[in-house]
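Dear colleague,

Please find below the structure I am handing over to you, followed by a summary of what was found in it.

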Amino acid sequence: MLYSIVIASAIMIASVLQYYEFDWKISFVEQMLFTSEYIMANIVVLAVLIGCHYRHCFYQQFLEKLLEITASMVTCGATVDFQRIETIFNRLLLGVALLFGTEIALDFLYNDHSFWSFVKILSVYMLSNIINVLGLIQYTFLQYFIFLFYSDVNRLLTSYKVRASCDKQSSARRPMLYETTVVTPSDDGATLLYDYAYLIDLLRAIHFELNELLEQVNNCFGVLIVCTTTASFVVLSQQIFGIYQATTVPAWYTQDTFLLLYGVLWIVLHAAKVLMVLYPSHLVHKERDRTGPILYHFNPHEKDAALNNALVGALTTYLVILIQFDTGLKQGQSASNTSQKDGPGT
C-alpha cells in the first residue's frame with residue numbers, strides 16, 4: 001500500500017509541476033487538452049492501484065476458475081495450449097517494452113538532456129501509462145484465456161457433430177442398434193467412450209461457467225476500461241492536433257522531428273490500448289456466438305429419443321413382468337378349478 005501511495009503522489013506532483021512550468025505558455029485549447037490528459041492519467045493510475053489493492057482476492061478466484069475449467073476441458077478431450085498463451089503474453093510484453101523504450105529515448109532527446117525535465121516528463125507520461133498498460137495486460141490475458149476456452153468448446157462440438165453423423169451413416173448400413181459414443185484420446189494413448197448427450201451437457205456447463213467468468217472479469221475491470229478509453233480519446237485528440245501544428249510550422253528544426261516521432265508513437269500507444277480493450281472482447285463474443293449455430297446442426301431429438309427409448313424399454317419390461325404375473329395367476333386359478341371339479345367325481 002505504501003508504494004502505491006508514493007507512486008500516485010509522485011505522478012500527481014509531477015503533473016502539477018508540469019502544468020505550472022510549461023502549460024501556461026501555450027494556447028487555451030492546448031491547455032484544456034493537456035489538463036484533461038493530466039487529470040485522466042491520475043484517475044487511471046488511482047483506478048489501477050486501488051483496484052489491485054482491494055480486488056487482489058479476485059486473482060485467486062480467477063486462477064482457481066481457470067484451472068477448474070481446464071480440468072473440465074481435458075475431461076472432454078481438449079488440450080489447453082498453455083505454451084501458446086505464454087508465448088503470446090511474452091511477445092506482448094516485449095512489444096510494450098520496445099515501444100516505451102523508444103518513447104523514453106525520444107523524450108530524453110527532445111528535452112535536450114535536461115535531467116530534471118526528463119524525470120518530470122517520465123513521471124507524468126511514462127510511469128502513468130506503464131501502470132495503465134500493465135493493468136490492461138491482465139484484462140487482455142483473461143479475455144484471451146476465455147476466448148481459447150470458447151474456441152475449444154466449439155471445436156469439440158464440431159468434432160462431435162461430424163463423428164455423430166458418421167456413426168449415423170454407418171449404423172444405417174449395419175443391422176444393429178445405434179450407439180451414440182465418441183472416442184476421445186487420453187495422455188497414455190488409451191481411449192475413453194462417452195455418451196454424446198453427457199458430453200454436450202458437460203460442454204454446456206463449461207460454456208455457462210465461461211459466461212459467468214466473463215461477467216466477473218468485465219465487472220472487475222469495468223472502471224479501468226472506461227477510464228482508459230476516455231483518456232485515450234483525449235490523448236489521441238491532443239496528439240493529432242499537435243501533429244497538425246508541427247506540420248504547419250514555417251521553419252523545421254531537429255526538435256520538431258523528435259516531437260513528430262514522439263506524437264506518432266504516442267498515437268500508436270493509445271490506439272493499442274484501445275485495441276487491447278476492444279479486440280479481445282470482440283474475439284470472445286464472436287466465439288461465444290458461434291456455439292448456437294453449431295448446436296443447431298445437432299438433431300434436437302437425439303437426447304429425447306434416447307430418453308424415450310429408455311422409457312419404452314422400462315415400460316416393456318414392466319408389462320412383461322405384469323403379463324407373466326397375470327399368466328401365473330390365471331394358471332393357478334385354472335389348476336385350482338380343475339382340482340375342485342375332479343374332487344367330487346373321484
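How much space lies in the largest cavity? In this predicted model, the answer is about 110 Å³. Two or more lining residues come from each of helix 2 (28–54), helix 5 (115–173), helix 7 (222–246) and helix 8 (254–289). Helix 5 provides the largest share, with 5 residues.

An unreviewed UniProt entry places the feature "transmembrane region" at residues 34–54, 92–110, 130–150, 221–246 and 258–279. In the model, residues 221–246 are 96% helix and 0% strand, with the end C-alpha atoms 36 Å apart. Residues 258–279 are 100% helix and 0% strand, and their end C-alpha atoms lie 30 Å apart.

The structure also holds 3 salt bridges:

- D152 pairs with R155, the closest N and O atoms being 3.5 Å apart. The two are 3 residues apart in helix 5 and therefore separated by about one helical turn. D152 counts as buried because its relative accessibility is 12%, whereas R155, at 43%, is partly exposed.
- R204 pairs with D201 at 3.2 Å between the closest N and O atoms. These residues are likewise 3 apart, in helix 6 (residues 196–220). R204 is exposed at 55% relative accessibility, and D201 is partly exposed at 25%.
- E287 and R290 meet through their side chains at 2.3 Å, N to O. E287 is buried, at 9% relative accessible area, while R290 is partly exposed, at 36%.

Yours sincerely

Notes. Residues are numbered from 1 along each chain as its sequence is written. This is a predicted model: local features need pLDDT of at least 70, side-chain atom pairs count only at pLDDT 80 or more; totals for chains, interfaces and linings use all residues. Side-chain values use heavy atoms; hydrogens and water are left out. On a 1 Å grid over the protein atoms alone, a cavity is a set of points where a 1.4 Å probe fits but cannot get out, and a pocket is an open set with protein on both sides within 12 Å along at least five of seven lines; lining residues have an atom within 4 Å of a point. Grid points are joined across faces, edges and corners, and a volume is the space filled by probe spheres set on the points. Helices (H or I, at least four residues) and strands (E, at least two) are DSSP runs, numbered from the N terminus. UniProt positions are given in the numbering used here, feature names are shortened, and annotations may be inferred rather than shown by experiment. A salt bridge is a side-chain nitrogen of Lys or Arg within 4 Å of a carboxyl oxygen of Asp or Glu. Buried means under 20% relative accessible area, exposed over 50%, partly exposed in between (1.4 Å probe, protein chains only).
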